[in-house]
Amino acid sequence: MARKIIAALADSTLFLREWIVNPQRTGSVAPSSPQLGAAMARWLPRNPESFVLELGPGTGAVTAALLKSGLREDRLIAIEHNPTLAKLLRKRFPHARIITGDAWEMDTLLAELSVPVEAVGAVISSLPLLNFPKAQADALAEKIRAVLEPRGRLVQYSYHIVKDRSRGTDDFRLLASQIVWWNLPPARVHVFQK
Ligand SMILES: C[S@@+](CC[C@H](N)C(=O)[O-])C[C@H]1O[C@@H](n2cnc3c(N)ncnc32)[C@H](O)[C@@H]1O
């Protein structure tokens, strides 16, 4: 128990430090709560062979929830822009493919993997989309649509809990929307289907 608390404090300190360096891109002052991670992990693909692409995994709180919910680590691909956080994730999840890079380059990054990945069953995104211009969010959504399997899901959270859609998702069908109060700050999880 004490070890868990110390690890959580270390992650919070690291996250806060990264936020001070780049608040716009980091998008939050604290890692996601286990409750937010669990709310996102409910929407994993049914097929255990499907890949899952995580965008902006940060310190790995949502990643841990995905694995806890049954996702095989070797089916997980994550793209994290911050090299310090990506290094930490590689240590924590040695069997996952953690890419240091820009989520907007996902098509190229997936094609460049040693075993290229053409399609994924779900995209789980923690990207702070509200900090990016709408045109950029739309461009990202287009890339996500292209990489998703038919009926694949996009799970995205937002700190604008009154909003009923995330940016750039007009071409997706909204499947579910849930507020997670136990998070700093509270967040709304949106689930979209291709
Ligand atoms: C709100 S934080 C994610 C928090 C994460 N769920 C956690 O618990 O630590 C957003 C993350 O997106 C990453 N990020 C921002 N822009 C990115 C981009 N263009 N490509 C990939 N990751 C990006 C940031 O570095 C940050 O780690």
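These legends go with a few close-up views of the predicted model.

Residues are numbered from 1 along each chain as its sequence is written. As the model is predicted, local features need pLDDT of at least 70 and side-chain atom pairs count only at pLDDT 80 or more, while totals for chains, interfaces and linings use all residues.

**View A. The shell around the ligand.** Here 25 residues surround the ligand, with Pro31, Ser32, Gly56, Gly58 and Ala61 the closest (near means a C-beta atom, placed from the backbone, within 6 Å). Two or more shell residues come from each of α2 (23–26), α4 (61–68) and β2 (76–80); helices (H or I, at least four residues) and strands (E, at least two) are DSSP runs, numbered from the N terminus.

View B. Leu85, Leu88 and Leu89 are buried (20 or more other C-beta atoms within 10 Å of the residue's own, all placed from the backbone; exposed is 12 or fewer). Looking down the axis, the buried residues of α5 fall within an arc of 100 degrees, so they line one face of the helix; the arc is taken over directions from the helix axis to the C-beta atoms. Over on the other side, Pro83 and Lys91 are exposed.

**View C. The open sheet.** Seven strands run in the order β3-β2-β1-β4-β5-β7-β6, with mixed pairing (strands pair if DSSP finds at least two bridges between them). β3 (97–100) and β6 (173–180) sit at the edges with a single partner strand each, so one side of each has no neighbour in the sheet.

**View D. Strands β1 and β2.** β1 (residues 52–55) pairs with β2 in the parallel sense over four bridges. Leu55 stands opposite Ile79 in β2.
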